[in-house]
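Let us read a structure together. We take one feature at a time, by question and reply.

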Amino acid sequence: MADQKMKERRRVSLMIMVLFFQVLSASLHGCLAAIGQGQPPRKPTSIHPRAGVRSSVFLPVSGNVYPLGYYSVTIGIGNPPKPFQLDIDTGSDLTWVQCDAPCTGCTLPRDQLYNPSKKNFVDCKDPICVAVNSPNPPQCKNPNEKCCFQVQYADHGSVLGFIVSDTFPLRLVNGTLSKPHLAFGCGHRLQNRGLHPPTPTAGVLGLGKSKASISSQLSSMGVTKNVFGHCLGDNRGFLFFGADFVPKSGMTWTRMLQSSSDKHYSSGPAELLFGGKPTGIKGVNVIFDTGSTYTYLNLKVYETVLNLIRKDLSGKQLHDVKDKALPICWKGTKPFKSMRDARNYFSTFALSFTGSSNVQLQLPPENYLIVTEQGNVCLGILNGAEAGLGTTNVIGDISLQGKLVIYDNENQMIGWANADCNRKFGAF
């Protein structure tokens, strides 16, 4: 992205395509050397289903698209549990926290970092290490070698560290306290991570489709079904794991795209509509990514969207203006105080999924625009080519606000419904 100032409070989390986990023999030498090459044998982390009564977990969410640029949950790790604020990210598989191993590039004070003990480290031959590094098996020099990871993100940030395992105390909705031992990343070498200025988050809650994600691990242990959902509001919301909160009606569902190379929550193809009318743009596949603040479209779709908006604004009392928040902004005859003041100048976009009957993801003005501190209205749809995303289309937080979005990995479906995410669950 061209202007450094425009990077403030914006992130693109999307992993591979641009995102990968792998054990790197040479570049991870420092990872292995930081605490030693070997460790006492430990019981392998189970990633196979176990019998049990499945329930659900409900977690409050805080954050917003602007000015913060992220949504997060607070989760306790360890015994006794230590709280960590984590950026919720459906575009990443691996959960990781900043780790005192020691750490280079960490943004939190040392006493707020995760401090692993020898028993927490996962062996290179552990099944969860294999899952983290899929489809490439880890290159283990000896079976007791520590499992390392490296994650690279689309915004050019990266995290390097060890895979560890620890207790995640979770209060289930059936009233019981579950203490699953979950695997996650102990990140001790960070580069270009976080927003500008840095967020107070300790790491990332990976919600992707692989066996390494938190949802998959909870499912494999019989704690919850492999279903989760989120509802992102103006400053709050909620996240849940399990099927207890899935509404029996009122949801719009579309099938996840199935591809051996696609590990994201993707759907399509879809046709782009504007003001309820066809735009000529068809065959659009999209990725749902809560780790991206804004929505990113490939060059052809982005230029079409921008041209449609500008044509629609012709003759209206809005004028182009420079604003450090985003590249494309407009000002009115007087500063806007909220989206309520600005929305009537703009029309609704929609993605109509052509593989399903009457399945549309509606994007009204509040799902693609923000009102800045300067009182301008800015376009929260960005050129994915400038962000290094190529032809990929990413649906970010701005377009997921005000919706209950559910990822049903059991049935390979993604669903959504309009919701008041600022209120307690159930107020749809």
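The dialogue below turns to a pocket and then to disulfides.

Q: What kind of model is this, and how are residues numbered?
A: This is a predicted model, where local features need pLDDT of at least 70, side-chain atom pairs count only at pLDDT 80 or more, and totals for chains, interfaces and linings use all residues. Residues are numbered from 1 along each chain as its sequence is written, and side-chain values use heavy atoms, with hydrogens and water left out.

Q: What volume does the largest pocket have?
A: Rolling a probe the size of a water molecule over the atoms shows where empty space is left. A pocket is an open set of points on a 1 Å grid over the protein atoms alone, where a 1.4 Å probe fits, with protein on both sides within 12 Å along at least five of seven lines. A volume is the space filled by probe spheres set on the points. Here the largest pocket has about 770 Å³.

Q: Which residues are the closest to its centre?
A: Lining residues have an atom within 4 Å of a point. There are 26 of them in the largest pocket, and G233, D234, M339, E366 and Q401 are the closest to its centre.

Q: Which strand gives the largest share of the lining of the largest pocket?
A: Strands (E, at least two residues) and helices (H or I, at least four) are DSSP runs, numbered from the N terminus. Strand 22 gives the largest share, 3 residues. Helix 5 (339–342) and strand 22 (369–371) each supply at least two.

Q: How many disulfides does the structure hold?
A: A disulfide is a covalent bond between the sulfur atoms of two cysteines. The test here is a pair of cysteine sulfur atoms within 2.5 Å. The structure holds 6. Among them is the pair C103 and C106, with sulfur atoms 1.7 Å apart. That link is right-handed, with 85 degrees about the S-S bond.

Q: Is C103 buried, exposed or partly exposed?
A: Buried means under 20% relative accessible area, exposed over 50%, partly exposed in between (1.4 Å probe, protein chains only). C103, at 23%, is partly exposed. C106 is partly exposed too, at 21%.

Q: Which parts does the disulfide of C129 and C147 tie together?
A: The sulfur atoms of C129 and C147 are 2.1 Å apart. C129 lies in helix 2 and C147 in the loop between helix 2 and strand 5, so the pair ties together parts 18 residues apart in sequence. Both C129 and C147 are buried.
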